[in-house]
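Have the structure open in your viewer and let's walk through it together.

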Amino acid sequence: MGSKGQILAALDTVSIDQAVDWAHRLDRTVAGVKLGLEFFLANGPLGYRRIAAVGMPIFLDLKLHDIPNTVAGALRAITPLSPSIVTVHAAGGQAMMQAARETAEAEAAKRGVKRPKIIGVTVLTSLDDKDLVAVGQSGSTSDQVKRLATLAKAAGLDGVVCSPHEIEALRKELGEDFLLVVPGVRPEGSASGDQKRVRTPGDAAKAGADYLVIGRPITAAADPRDAACRIATEIDAAIGHAPAQARR
Ligand SMILES: O=c1ccn([C@@H]2O[C@H](COP(=O)(O)O)[C@@H](O)[C@H]2O)c(=O)[nH]1
């Protein structure tokens, strides 16, 4: 499969028909698809099941951020859908992240489904150092990402969402088995939009990302499948054909 096995395509839309169409076009071209707040708030579990029926792994990116009891309840609600990956905000704290992990484990065992990987969102890729100061956080984005990722690992999470700029430092600090799921990926010449901490797919893969989360550069293209294939080719050219996990 080459580096197609590293791309998670973000299907950001409220339209079920649009998302199903993208999923069919991208089937066997990417590792999986990401459904986020926009899709899930509009279409809920029924919409999720329509996409799941296409047969690709689903990253359910709801970025849960609440008290431990509420996040545990949310995990009980979504684990039966059998997503491959779900997200919580690492800034929600260690107790909340632990509750998420333990609840997913218990609920998956009870339902006889595979436990989703629980991933902590560190600092959103739309933020830079100045934005952190504006919300009252001192220090750099890279320091804050490292702090939150360390906390996520201590809480038993499977990995984190970080920007392409923090990959090397987190690999060194947190080891080879900690999943790094990386948005903020832009092929040369494509618009950054609201993303502030960006790198190219080739650079992010070479730095050691496990998965690259890519939305608009694929979904806004005239031919999304062709766009995904081009990105996979760029990654292959940068790293050779072995995906990150196989290279370690
Ligand atoms: O820090 C984060 C966490 C999540 N995302 C999500 O990734 C995709 C990126 O989409 P693009 O169109 O490639 O910008 C989107 O669904 C975000 O919700 C992120 O960008 N940054």
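Around the ligand sit 16 residues, and the closest are Ala10, Thr125, Pro183, Gly215 and Arg216. A residue counts as near a molecule or strand here if its C-beta atom, placed from the backbone, lies within 6 Å of it. Two elements give two or more residues to this shell, namely β2 (32-36) and β8 (211-214). Those element names come from DSSP runs numbered from the N terminus, with helices being H or I of at least four residues and strands being E of at least two. By type, the shell splits into seven nonpolar, six polar and three charged residues.

Some housekeeping before we go on. This is a predicted model, so local features need a pLDDT of at least 70 and side-chain atom pairs count only at pLDDT 80 or more, while totals for chains, interfaces and linings use all residues. Residues are numbered from 1 along each chain as its sequence is written.

Now to the annotated residues. In an unreviewed entry, UniProt places the feature "active site" at Asp61, Lys63 and Asp66. UniProt positions are in the numbering used here, feature names are shortened, and annotations may be inferred rather than shown by experiment. Lys63 belongs to strand β3 (residues 58-64), and its phi is near 45°, a positive value in a residue other than glycine. The scale calls a residue buried with 20 or more other C-beta atoms within 10 Å of its own, exposed with 12 or fewer, and partly exposed in between, with C-beta atoms placed from the backbone. Setting aside neighbours within four places in sequence, Lys63 is in contact with Thr87, His89 and Val121; contact means that the two C-beta atoms, placed from the backbone, lie within 7 Å.

Asp66 is in the loop between β3 and α3 (68-78). With 14 other C-beta atoms within 10 Å, Asp66 is partly exposed. Not counting residues up to four places away in sequence, Asp66 touches Val71 and Gly92. Val71 turns up again on the contact list of Ala99, alongside Pro68 and Ala72, once neighbours within four places in sequence are left aside. Ala99 sits in helix α4 (residues 94-111) and is buried, because 22 other C-beta atoms lie within 10 Å. The C-alpha atoms of Ala99 and Asn69 are separated by 7.5 Å, though the two are 30 residues apart along the chain.

What about the interior? The largest nonpolar core has 69 residues, and those with the most contacts inside it are Ile7, Leu8, Ala9, Val33, Ala100, Val182 and Leu212. Such a core is a set of buried Ala, Val, Leu, Ile, Met, Phe, Trp, Tyr and Cys residues joined through C-beta atoms within 7 Å. Helix α10 (residues 224-239) gives the most to this core, with six residues. In soluble globular proteins, nonpolar side chains tend to be buried together. Val182 touches, among others, Cys162, Ile167, Tyr211 and Leu212, not counting residues up to four places away in sequence.

Helix α1 (residues 16-26) is worth a look too. Its buried residues are Ala19, Trp22, Ala23 and Leu26. Viewed down the axis of α1, these fall within an arc of 100°, so they line one face of the helix; the arc is that of the directions from the helix axis to the C-beta atoms. An α-helix has 3.6 residues a turn, so residues three or four places apart point the same way. What covers the buried residues of α1 includes β1 (7-10), β2, α2 (37-52), α9 (216-219) and α10. Gln18, also found in helix α1, is partly exposed, with 14 other C-beta atoms within 10 Å.

Finally, the UniProt annotation "domain: Orotidine 5'-phosphate decarboxylase", from an unreviewed entry, covers residues 6-231. Over residues 6-231 the chain is 46% helix and 16% strand, and the end C-alpha atoms are 10 Å apart.

Note on methods: Ala, Val, Leu, Ile, Met, Phe, Trp, Tyr, Cys and Pro count as nonpolar, Asp, Glu, Lys and Arg as charged, and the others, Gly among them, as polar.
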